[in-house]
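Trainee: I would like to learn how to read aromatic pairs and nonpolar cores. Where do we start?

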Amino acid sequence: MAAARLSGGCGGGGGENRLVSLPLSRIRVIMKSSPEVSSINQDALFLTAKATELFVQYLATYSYKHGRGKEKRALTYSDLSHTAEESETFQFLADILPKKILASKYLKMLEREKRDGEMEEDDDDDQEEESEEEDAES
């Protein structure tokens with residue numbers, strides 16, 4: 001009975017009897033991609049799918065409530081990335097949901113970082129020369 005409900009039900013009910021929305025076959029492939037996993041219990045697969053759905057639902061709800069989406073009555077990518085950046089709970093997603101920036105801004109940022117790096121190297125070289133001069137004087 002549970003297997004029938006997991007696979008979409010037996011009969012013409014379509015997706016009505018499904019307990020999870022995510023495709024279990026896809027989740028199984030992702031789980032098997034780990035070298036430590038040799039076989040996957042059907043219950044573990046179901047629980048992973050359900051937990052993932054609940055997590056995504058919580059992330060979306062939290063992002064909607066704390067983002068600008070409420071004003072527009074829509075959840076946007078920027079709401080999700082803002083949540084990942086600002087909320088301690090979701091901080092582990094910051095690399096996965098980075099803030100979107102224009103390519104031109106990104107190139108300027110890289111250029112600035114490169115210049116700052118060169119300036120730090122010049123400062124380090126100046127300090128080394130000064131300490132060598134002091135050593136030579138003593």
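Mentor: Start with the rings. Phe-55, Tyr-58, Tyr-62, Phe-90 and Phe-92 are joined into a cluster by ring pairs. Keep in mind that this is a predicted model.

Trainee: How many aromatic pairs does a search of the whole structure find?

Mentor: Five.

Trainee: How is a pair of aromatic rings described?

Mentor: In general, by the distance of the centres and the angle of the planes. Here, Phe-55 and Phe-92 make a tilted pair, with 6.1 Å centre to centre and 40° between the planes.

Trainee: Which parts of the chain does that pair link?

Mentor: Distant ones: Phe-55 belongs to helix α3, while Phe-92 is in the loop between α5 (77-86) and α6 (103-137), and the two are 37 residues apart.

Trainee: What kind of pair do Tyr-58 and Tyr-62 form?

Mentor: A tilted one, 6.2 Å centre to centre with 50° between the planes. Both tyrosines, Tyr-58 and Tyr-62, lie in helix α3, four residues apart, which is about one turn of the helix. Tyr-58 is partly exposed because its relative accessible area is 46%. Tyr-62, at 24%, is therefore also in the partly exposed class.

Trainee: Where does the charged end of Lys-100 sit?

Mentor: Over the ring of Tyr-77, at 4.9 Å from the ring centre.

Trainee: Now the cores. Where do nonpolar side chains tend to be in soluble globular proteins?

Mentor: They tend to be buried together.

Trainee: Which residues make up the largest nonpolar core here?

Mentor: Seven residues: Val-20, Leu-24, Ile-27, Ile-40, Leu-45, Phe-46 and Ala-49. At least two residues of this core come from each of α2 (24-32) and α3 (42-66). Helix α3 gives the most, with three residues.

Trainee: What does Val-20 touch, leaving aside residues up to four places away in sequence?

Mentor: Phe-46, Ala-49, Lys-50 and Glu-53. Of these, Phe-46 and Ala-49 are listed in the largest core along with Val-20.

Trainee: Which residues does the second core include?

Mentor: That core is separate and has six residues, among them Leu-59, Leu-80, Ala-84 and Leu-97.

Terms used: Residues numbered from 1 in each chain as written. Predicted model: local features only at pLDDT ≥ 70, side-chain atom pairs only at ≥ 80, totals over all residues. Heavy atoms only, no water. Core = buried A, V, L, I, M, F, W, Y, C linked by side-chain atoms within 4.5 Å. Buried < 20%, exposed > 50% of the residue type's maximum accessible area, 1.4 Å probe, protein only. Contact = heavy atoms within 4.5 Å. Phe/Tyr/Trp six-rings, centres within 6.5 Å; stacked < 30°, edge-to-face > 60°. Lys NZ or Arg CZ within 6 Å of the ring centre and 35° of its normal.
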